[in-house]
Amino acid sequence: MDIDDIPFDLQETTSPAAGTVMPDKFRKLYESLDNPDNSDDLILKYIQCIFTIWEAATQKNNFTVQKYAIYIYTNWVYILERLSSDAIDFQQILKFFLRELGSLNISLLELESKKQNPLLSTLNYGILLNKIFSDDVKFENLDMYFQFLFNNLYQAARLERYNVVDQFIERCINSNFDPLNFGAYSHLYNLLDKKLKENSIDNNQALLKKVPELGFYKIRYLKNFKEYEEWVTSFENYLENEIFTKIETDDEIYNLINNQKKLALKSLKYNLLQIVVLKVLTFSLFKSTDTNIRHAFNFNQPEDSSAIQGNKEIMPTTLSEILNYVDYSYNIEHDLFSYWEGHHGVEFYLHKLFIYIFYRYNPKKHYYDEDPARLTKAFCSDVLLNDPARVDGLIHKIQRLESTFKYLLTNGTEKISLFDSEERVVKTKKLFGDVIGSAKEVIQQAEINTNIKEERKTWFLQNVIQEYDKYNFLLKLFKLYGTDKKEAEKKDEYFGINELMDRSAFLENWHIPFVGLIESFGKTIAERENRLGITALYETIKDENSESIDMEKAIAKIIRNINDNNIIVGKNIYFHSLFIGDDKFVEATSETVLIKNCHVGFYNEIPIFNFYDNIFRDKSFLVIDKRDICGVVESTVNNPDLITLDSFSTNFSDYLEDAGKFSELIDNPNSWLVDELGEEKEVIRNYLKKFVWIRILKGSDFIVSGEKRGMSYNIQ
């Protein structure tokens, strides 16, 4: 009987854990150790004793005693798995025993003899696989078991005992770990459908839509414990809130629900097992061997075999499986970082593994021929929920694989060792193209079929105006000192934003958000208005009152001689440094500031303002008589398509929702549209479907007196 198949029965009287077969000399060894002071030391003493027995047996190649030592450890693992107490952290004790089992595993792996100890497969993966896939395993311990499983296999690859990895792969393939029947949800669906009909509930199909979604698509692709727990919560909430309020429940329903949960957990465990395989194979490739990856694909179905084996491959072989793990590749890479050697990167070797998986993919090697384009779209829909950000992330990962594949094909060694079939190389290139193209189609269709919410449009416009309000310094200055209420003549000159923007940036959860666009638009409008205001201030200055000065320090001297009827308006000047140690300069505080982010302070109670012009970076300052600032007149655009928000005329038009508002652009296209597309209206119309038209416009007429009492100083 293979050691992996031995039942670890805790009641078996022949077990060394029962204390019936421990040789007297080892019992004396245990008793000779120092007496422990507490229970933790007692466990350490126990472990030390068994490890000493193991070391002695290993040195003498005594397989029987080694086997007994493993039995003892394993029985403890099974005992601790079943115990629970608020006072004792049995999981930590269990972790301690697993760590010691790992030490025994390393001691066998490090033996110089290449003849494999029959216990190695048990220590390396057998005990853990048996425990992980047992029906009574504690959910909270699973993560720990998988960590120790990978660590044991990693040690085998690190010490170049690649035959152990091969045997692990064989064990996985020959097992019954695969969930197999994902169609079990149909029994629950049929029963619920029957109950709903008995209660004369209409619209059963819509009510039960989530049963296959949760019972099939979701559980097939579970990849971590968080996803599983979220699935359980979603599944229970759906049944509780949408189904059980309409029918009477019974044991038959709850039995099917429990079966569905067991199936989901088994699916999670199998997927985590596949992830362990992927991580181990990635490390094997890093150790410069493709032995394990070839064995993983060839063991169950060798190239020269004419028969089709019924066992499930442990490697992902369906396109949906492959895409699922590619989508999860960043997490796999992150897990491997702590195991990596030196300063080498993980990504290249993980890419190499996934490329080989695509290279070995055969769409005809299934119960039905797979259509890569259709399956890619289905994966994007069922797993990624057509979320553009996630689909775009998948596209990016596949493109990286495609790029690495091209690089590997230029390397003669790689081409000969792994990618030696020109026919498969051609098919792999096409497969990458099909997957990428199909995923892009999903994004394009989502873009066309997704409307931009009205709330999002209004929110965007309002936030641009709020951002503008942080920088509209000259408007605030003219309002602060303006005295003349006389209205100016309407000029019909407007500034602001009048642009076509990619509509996809404004879709919910889109992968290309309008990051920075609000700030950019707000600043742009304010800076244009500030330049109009500065231009008006220059109109209060005679030509002969303009001077150029060589040094910034001369500014302070000029300001000290200004009378209190003036204000100082600087551009790109750091005034604080000019008045260091001068008590007559008082910096503006939150209580005294006149214009936020513009008012610097007071010199002899004369207000000093400064703003930074990011377009014209020249340094200058103006001495302005407050009496010359009359005010500012703001105006909106007379256009029924535009809505007034604060002092702005705004509109956010989406061609796909309101093509009529684009008629002006189509009938009278701007010069740049004609230059890019020509004058054909249908061409322009199709082009505009990708855009939104954003208009945020206003007029600001800055009014000054004609007295020209100011002075200007340009700093060289």
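**Close-up views of aromatic pairs and salt bridges**

**View 1. Lys-279, a charged residue that counts as buried.** Lys-279 has a relative accessibility of 11%, so it counts as buried, since the cut-off for buried is under 20%. The model shown is predicted. Lys-279 forms a salt bridge with Asp-335, and the closest N and O atoms are 3.8 Å apart. This pair links distant parts of the chain: Lys-279 belongs to helix H12 (residues 251-286) and Asp-335 to helix H15, 56 residues apart. Asp-335 counts as partly exposed, at 32% relative accessibility. Lys-279 also lies over the face of Phe-150, 4.7 Å from the ring centre.

**View 2. The edge-to-face pair of Phe-150 and Tyr-339.** The whole structure contains 41 aromatic pairs. In one of them, the ring centres of Phe-150 and Tyr-339 are 4.7 Å apart and the planes meet at 90°, so the pair is edge-to-face. Phe-150 lies in helix H6 (residues 139-158), while Tyr-339 lies in the loop between helix H15 (329-337) and helix H16 (347-360); the pair therefore ties together parts that are 189 residues apart in sequence. Phe-150 counts as buried because its relative accessibility is 3%. Both residues belong to one aromatic cluster, whose members include Tyr-154, Phe-283, Trp-340 and Tyr-407.

**View 3. The stacked pair of Phe-621 and Tyr-713.** The ring centres of Phe-621 and Tyr-713 are 4.9 Å apart and their planes are at 15°, so this pair is stacked. Phe-621 is in strand S7 (residues 620-625) and Tyr-713 is in strand S12 (residues 710-715), so the pair ties together parts that are 92 residues apart in sequence. Both Phe-621 and Tyr-713 are buried.

**View 4. The salt bridge of Glu-347 and Arg-400.** The structure holds 29 salt bridges. In one of these, the side chains of Glu-347 and Arg-400 meet at 2.7 Å, N to O. Glu-347 counts as partly exposed at 25% relative accessibility, and Arg-400 is partly exposed with a relative accessible area of 32%.

View 5. Arg-294 has a relative accessible area of 24% and is partly exposed.

Terms used
Residues numbered from 1 in each chain as written. Predicted model: local features only at pLDDT ≥ 70, side-chain atom pairs only at ≥ 80, totals over all residues. Heavy atoms only, no water. Phe/Tyr/Trp six-rings, centres within 6.5 Å; stacked < 30°, edge-to-face > 60°. Helix = DSSP H or I, 4+ residues; strand = E, 2+ residues; numbered from the N terminus. Buried < 20%, exposed > 50% of the residue type's maximum accessible area, 1.4 Å probe, protein only. Lys NZ or Arg CZ within 6 Å of the ring centre and 35° of its normal. Salt bridge = Lys/Arg side-chain N within 4 Å of Asp/Glu carboxyl O.
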